Amino acid sequence: MKIMNYKIFIEDLSKLNLSKRQVINTINPHSYITAKDDKLFFEALHDSDLLIPDGSGIVIAAKQINKQTIKKIAGADLHKFLLEEMNKKSGKVFYMGAAQKTLDKIHEKIKLEYPNIIVESYSPPFKPEFSDEENQEIINRINSFNPDVLFVGMTAPKQEKWLHTHKE
């Protein structure tokens with residue numbers, strides 16, 4: 001697996017096309033190594049519409065291996081950018097994953113810092129895999145809210161694999 005097999009071609013988040021539905025994942029050195037031995041994780045990363053370099057190790061490897069100069073964009077940078085954009089357009093944001101206590105803090109912070117955003121969330125059971133019924137519950141909650149942006153936060157590689165499997 002080579003770094004150039006991935007779609008890591010964005011230098012500026014302002015050039016991100018927010019008018020179309022797309023899967024955006026991040027890659028760091030740990031994810032890269034993990035994906036070498038995890039076929040579904042590799043597929044999830046490879047099939048992303050956009051994969052952003054979240055780690056200086058990926059930036060250095062791209063330069064050394066591919067002779068490509070790319071800029072590190074942390075997942076936190078993407079998160080902030082999307083919240084700012086959704087605040088401008090009074091968008092809807094859904095958070096799936098994390099403990100309810102964490103999601104409650106997210107709701108409070110968004111209400112203060114991004115008052116135009118409508119936010120909803122769901123904390124699924126903490127377990128390695130979800131049952132078909134649990135997956136359907138998650139999907140129903142997301143679809144009934146119909147968000148402009150969906151943030152999936154269950155740690156890598158679980159979150160990438162879940163989204164890849166259920167993105168339709």
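When I speak of helix axes, I mean lines fitted to C-alpha atoms, over the stretch in contact, with angles between N-to-C directions running from 0 to 180 degrees. Keep that in mind for the helix pair I come to in a few minutes. The model you see is a predicted one.

I'll start with the whole chain. The protein chain has 7 helices and 5 strands. Along the sequence they come in the order β-α-α-β-α-α-β-α-β-α-β-α. Its radius of gyration is 16 Å, close to the 15 Å that the globule rule gives for 168 residues, so the chain is as compact as a globular protein of that length. Taken along the principal axes, the box that the C-alpha atoms fill is roughly 45 × 35 × 25 Å. Of the 168 residues, 41% are buried. If we take contacts between residues at least 6 apart in sequence, 72% of them join residues at least 24 apart.

Next, helix α4. This helix runs over residues 75-88, which is 14 residues. From first C-alpha to last, α4 reaches 20 Å, close to the 20 Å expected at 1.5 Å a residue. Which residues of α4 are buried? They are L78, F81, L82, L83, M86 and N87. After α4 comes S90, with a positive phi near 55°.

Now the helix pair. Two packed helices are described by the angle between their axes and the distance between the axes. The pair here is α2, residues 39-46, and α7, residues 158-166. Their axes come within 9 Å and cross at roughly 70°. Angles of 65 to 115 degrees count as roughly perpendicular, and α2 and α7 are therefore roughly perpendicular to each other. On the α2 side the contact is made by L40, F41, E43, A44 and L45, and on the α7 side by E160, K161, H164 and T165. By type, the residues of this contact are 4 nonpolar, 2 polar and 3 charged.

I'll stay with α7. Its buried residues are K158, Q159, E160, W162, L163 and H164. They pack against β1, α2, β3, α6 (132-145) and β5.

H164 is in helix α7, and with a relative accessible area of 17% it is buried. Which residues does H164 touch, not counting those up to four places away in sequence? They are L40, E43, A44 and D47. L40, E43 and A44 are also among the α2 residues that make the contact with α7.

The other is Q159, also found in helix α7. Q159 has 18% relative accessibility and counts as buried, because the cut-off is under 20%. Leaving aside neighbours within four places in sequence, Q159 is in contact with V152, G153 and M154.

That brings us to V152, which sits in strand β5. At 19% relative accessibility, V152 counts as buried. With residues up to four places away in sequence left out, V152 touches M96, Q159 and L163. V152 and A98 are 54 residues apart along the chain, and their C-alpha atoms are separated by 8.8 Å.

Going into the strand, N146 lies in the loop between α6 and β5. Phi of N146 is near 55°, a positive value in a residue other than glycine. Is N146 buried or exposed? At 55% relative accessibility, N146 counts as exposed.

Coming out of the strand, T155 has its place in the loop between β5 and α7. T155 is another residue other than glycine with a positive phi, here near 75°. With a relative accessible area of 57%, T155 is exposed. P157 is in the loop between β5 and α7 as well. What kind of peptide bond joins A156 and P157? The bond is cis, with omega about 0°.

Technical notes. Residues numbered from 1 in each chain as written. Predicted model: local features only at pLDDT ≥ 70, side-chain atom pairs only at ≥ 80, totals over all residues. Heavy atoms only, no water. Helix = DSSP H or I, 4+ residues; strand = E, 2+ residues; numbered from the N terminus. Expected span 1.5 Å × (residues − 1). Buried < 20%, exposed > 50% of the residue type's maximum accessible area, 1.4 Å probe, protein only. Parallel < 35°, antiparallel > 145°, perpendicular 65-115°, else oblique. Contact = heavy atoms within 4.5 Å. Nonpolar A, V, L, I, M, F, W, Y, C, P; charged D, E, K, R; others polar. Rg over C-alpha atoms; globule rule 2.2 N^0.38 Å.
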